[in-house]
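Please look at the sequence and the structure shown here before reading on.

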Amino acid sequence: MSGDDMNPAAVARPVEDVHGDGRWMSQHTRFVQECKDGEPDVLFVGDSMVQLMQQYEIWREFFSPLHALNFGIGGDTTCNVLWRLQNGELENIRPKVVVLWIGTNNYEHTAEQVAGGILAVAQLLTSSLPKAKVVVLGLLPRGERPNPLREKNEAVNGFLRSWLARLGRAQYLDACPGLVHSDGTISQQDMFDFLHLTSHGYRTVAKTLSDLLLQIVEETPEGRRPSLA
């Protein structure tokens, strides 16, 4: 595993309010309040990949029945998520499983540093929520055709597969197999801007992920809460 003491991707820091409207901190404050008001069985944490899930039917179909909270903020890096989790977003809740999807915005860090940052977040989750399991989704490919950022994300996923296996209550899940076609391209049907998923792309993720989450939730001693739908 990569040590985080010298890893810049594992240093907690908030997003600088460069626009002066306080939007990022307002979202964080809302999440902290949701911790006081809700009792989630499943907590989603990450960047826009997590945040945008709520805009599609798959959230209501697959994840709302599992009593899920969505703590995704577009543009976040591992550093930003670390800061959020250390500053109130894990208080007053006891989820049975946390889904972590972060790292594609860590442009300034190497693949090994990004993986180390993701690992640092996973370690924080397992130590702060000792009864919860952590599912780390792999980074998605980027760009219509092969490019250096796509190669970097593939390298991050390689590190995660190896490192997370030694962490205990954390596991790696390939977020969206089959996105890259045999000729190396990605379809706009799956990723509308070749970075973010369409409804069709999210459905591929949701089926695999929801099956795993349902299994974890039902295996807990308390069992599932009845659906509120």
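Predicted model: local features only at pLDDT ≥ 70, side-chain atom pairs only at ≥ 80, totals over all residues.

Residues are numbered from 1 along each chain as its sequence is written, and side-chain values use heavy atoms, with hydrogens and water left out.

Some terms are needed at the outset. Helices (H or I, at least four residues) and strands (E, at least two) are DSSP runs, numbered from the N terminus. Two packed helices are described by the angle between their axes and the distance between the axes. Axes are lines fitted to C-alpha atoms, for helices over the stretch in contact, and angles run from 0 to 180 degrees between N-to-C directions.

The buried residues are T78, C79, N80, V81, L82, W83, R84 and L85. They pack against α1, β1 (42–46), β2 (68–72) and α5 (111–128), contact meaning heavy atoms within 4.5 Å.

How does α4 lie relative to α5? The two axes come within 9 Å and cross at roughly 15°, and the helices are therefore roughly parallel to each other. Angles under 35 degrees count as roughly parallel, over 145 as roughly antiparallel, 65 to 115 as roughly perpendicular and the rest as oblique. The crossing of α4 and α5 is left-handed; this term applies if the near helix is turned anticlockwise from the far one by less than a right angle, and right-handed applies if clockwise. On the α4 side, T78, V81, L82, L85 and Q86 meet V114, G117, I118, A120, V121, L124 and L125 of α5. By class, this contact has 9 nonpolar, 3 polar and no charged residues. Here Ala, Val, Leu, Ile, Met, Phe, Trp, Tyr, Cys and Pro count as nonpolar, Asp, Glu, Lys and Arg as charged, and the others, Gly among them, as polar.

W24, M25, H28 and F31 of α1 make the contact with N80, W83 and R84 of α4.

Helix α5 has a further partner in helix α6 (residues 148–164): their axes come within 8 Å and cross at roughly 45°. α5 is thus oblique to α6, in a right-handed crossing. Among the residues in contact are V114 and I118 of α5 and F159 and W163 of α6. The contact of α5 with α6 comprises 12 nonpolar, 1 polar and 2 charged residues.

Attention now turns to the loops. H67, between α3 (57–63) and β2, has a phi near 55°, a positive value in a residue other than glycine. N92, between α4 and β3 (97–101), has a positive phi of about 70° and is likewise not a glycine. H67 is buried, with a relative accessible area of 14%, whereas N92 is exposed at 55%.

Finally, a disulfide is a pair of cysteine sulfur atoms within 2.5 Å, and by this rule the model has 0 disulfides. C79 is buried at 0% relative accessible area, and C176 is buried at 6%.

Technical notes: Buried < 20%, exposed > 50% of the residue type's maximum accessible area, 1.4 Å probe, protein only.
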